[in-house]
Amino acid sequence: MFQPTGSRRDAASVIFNLPGYRVVDAVDLPLGGRRVKVQPVDLADGCTDCGVVSARVHAWVEQRVRDVPHAGRVEVVVRKPRLVCAEPLCPRRTFTPATAELPARARCTTRLRAAVLDAVIGSGRAVAEVAAAHGVAWWTAQATVNAAAVLLPDVDELHVRRLGIDEHRYRSVRWYRDDHGGWRRVEPWMSTIVNADCGQVLGIVDGRDSAAVGGWLTARSPAWRDRIEVVAIDPSAAFRKAIVDALPHAKVSVDGFHLVQLANLMVTRVRQRLVRDRAHRRGRLVDPAWANRLLLLRGYDTLSARAKARLDMVFATDDPTQELGAVWGVKEQLRRLLKVDTVEQAQKEKMIMGCYVVAADMDETWRLWNTINTWWPAIEVLIATGVSNARTEAANTGVKQIKRTGRGYRNSGHYQARILLRSAARRAA
């Protein structure tokens, strides 16, 4: 016969399930909802000043606290004992015990704060909307988000092998007066350093230059830096300089997202130049190339049959010089190059792309070709290792995906706290 072990709780306490507390009363409110009264299971606790354990109750006090909703609105009343300190020499005569669910001077349960934090960080909901849904003030929800940022572990204690570095502008450019009365410009850029294996944020530095990133890297221990094998960056000379100086043994992997972005920019510039040379104006809705300008930037393998027919119509009716089709072919060949599995296949695709560039023979295509040649060692590392800052299908741990969780914040402090918290949540999961 099965015999349960441990203490048994009453049915109401089991349903309410507030750790460390038992339900002593529950009533329906006249205007809807319920009032649940709970009190601690263990009355003994240590004094907050001297630490001497006492179980002598001086008085009982009641306090209303916020809790997670249970099948509707719930008003929780905690019946708390005020204990008498057992140490005669202690200046504090009485004290109120604290529990894990209700720390000292807390007006919300720990599980409510955890639910608010998960809604903001895990689900990406706005703080104001989460606060209203859980029946707490905006300041309470925001303080919960900010306080959790201190839970990140020490970076130097982590065994990191792959890094991801990316920059982001968190607000518009601002101007302020210096001590001499002149105006100075503030560049609202920050650089985020993450563990590329799991997406955990390791550090955030102001600016996007080599000095800021290099200073953070050199502040790490030599053993920590020697473990770094690959660093994924944007095609940024500043980031590459910082890595070469601080991590001379690490390989640099370039983000393919930005390379495709440069190719799309090349297509856009050629399309704009062609319409200016031919019609001496900007593109209009009557121009098929302008009407389908976004279609030109999409991958051909992702298009439907109808979209492919529209794209063929653009090249047949609005590309008399065939330059637009040539530059579009260079862009598509770059996408094929970045999708191969081996470096040998990438080298073959690069040769084909070089033929396309020679056939097109435009300033825009040669500019992209020079960029590809400059960053080709980093492209080979990308193909060989797959380390990238971009979001992938297998795991949403890229730098860009983590940075999106900072939307809605109007200062760098809140923004940094939010992406740090998002990183901690991903790592815990």
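Reader: Which residues point one way from β11, and which the other way?

Author: In this predicted model, Trp189, Ser191, Ile193 and Asn195 point one way from β11, while Met190, Thr192 and Val194 point the other way. All of these residues are buried.

Reader: How many of the residues of strand β11 are buried?

Author: Seven of the seven residues in β11 (residues 189–195) are buried, so the strand is mostly covered by the definition of buried as under 20% relative accessible area.

Reader: Which way does β8 run relative to β11, parallel or antiparallel?

Author: Strand β8 (residues 162–169) and β11 run antiparallel and are joined by seven bridges. Within that pairing, glutamate 167 has serine 191 of β11 as its bridge partner.

Reader: And what about β12?

Author: Strand β12 (residues 201–206) pairs with β11 in the antiparallel sense over five bridges. Isoleucine 193 stands opposite glycine 203 in β12. The two strands, β11 and β12, form a hairpin with five residues between them. In the turn, glycine 199 has a positive phi of about 85°.

Reader: Which residues other than glycine have a positive phi?

Author: Among them are histidine 280, with a positive phi of about 55°, and glutamine 322, with a phi near 60°. Most residues other than glycine have a negative phi.

Reader: Where are they found, and is each buried or exposed?

Author: Histidine 280 is found in the loop between α8 (256–279) and α9 (288–291), and is exposed, with a relative accessible area of 70%. Glutamine 322 is found in the loop between α11 (305–317) and α12; at 59% relative accessibility, glutamine 322 also counts as exposed.

Reader: Changing topic: which members of the largest nonpolar core touch the most others?

Author: That core has 60 residues, and Leu163, Val231, Leu247, Leu324, Met353 and Ile379 touch the most other members. Helix α12 (residues 323–338) contributes the largest share, seven residues. A second, separate core of 13 residues includes Ile121, Ala131, Val136 and Ala141.

Reader: What does valine 231 touch?

Author: Not counting residues up to four places away in sequence, valine 231 touches Leu163, Ile165, Ile243, Leu247, Ala250, Lys251, Val252 and Ser253.

Reader: Is serine 253 buried or exposed?

Author: Serine 253, found in strand β14 (residues 251–254), counts as buried because its relative accessibility is 0%.

Reader: What does its side chain reach?

Author: The side chain of serine 253 reaches the backbone oxygen of valine 387 at 2.7 Å. Leaving aside neighbours within four places in sequence, the contacts of serine 253 include Val230, Val231, Ala378 and Leu382.

How values were computed:
Residues are numbered from 1 along each chain as its sequence is written. This is a predicted model: local features need pLDDT of at least 70, side-chain atom pairs count only at pLDDT 80 or more; totals for chains, interfaces and linings use all residues. Side-chain values use heavy atoms; hydrogens and water are left out. A nonpolar core is a set of buried Ala, Val, Leu, Ile, Met, Phe, Trp, Tyr and Cys residues joined through side-chain atoms within 4.5 Å. Buried means under 20% relative accessible area, exposed over 50%, partly exposed in between (1.4 Å probe, protein chains only). Helices (H or I, at least four residues) and strands (E, at least two) are DSSP runs, numbered from the N terminus. Contact means heavy atoms within 4.5 Å. A polar contact is a pair of N or O atoms within 3.5 Å; within protein, one must be able to donate a hydrogen and the other to accept it, and residues adjacent in sequence count only if both atoms are side-chain atoms. Two strands pair if DSSP finds at least two bridges between them.
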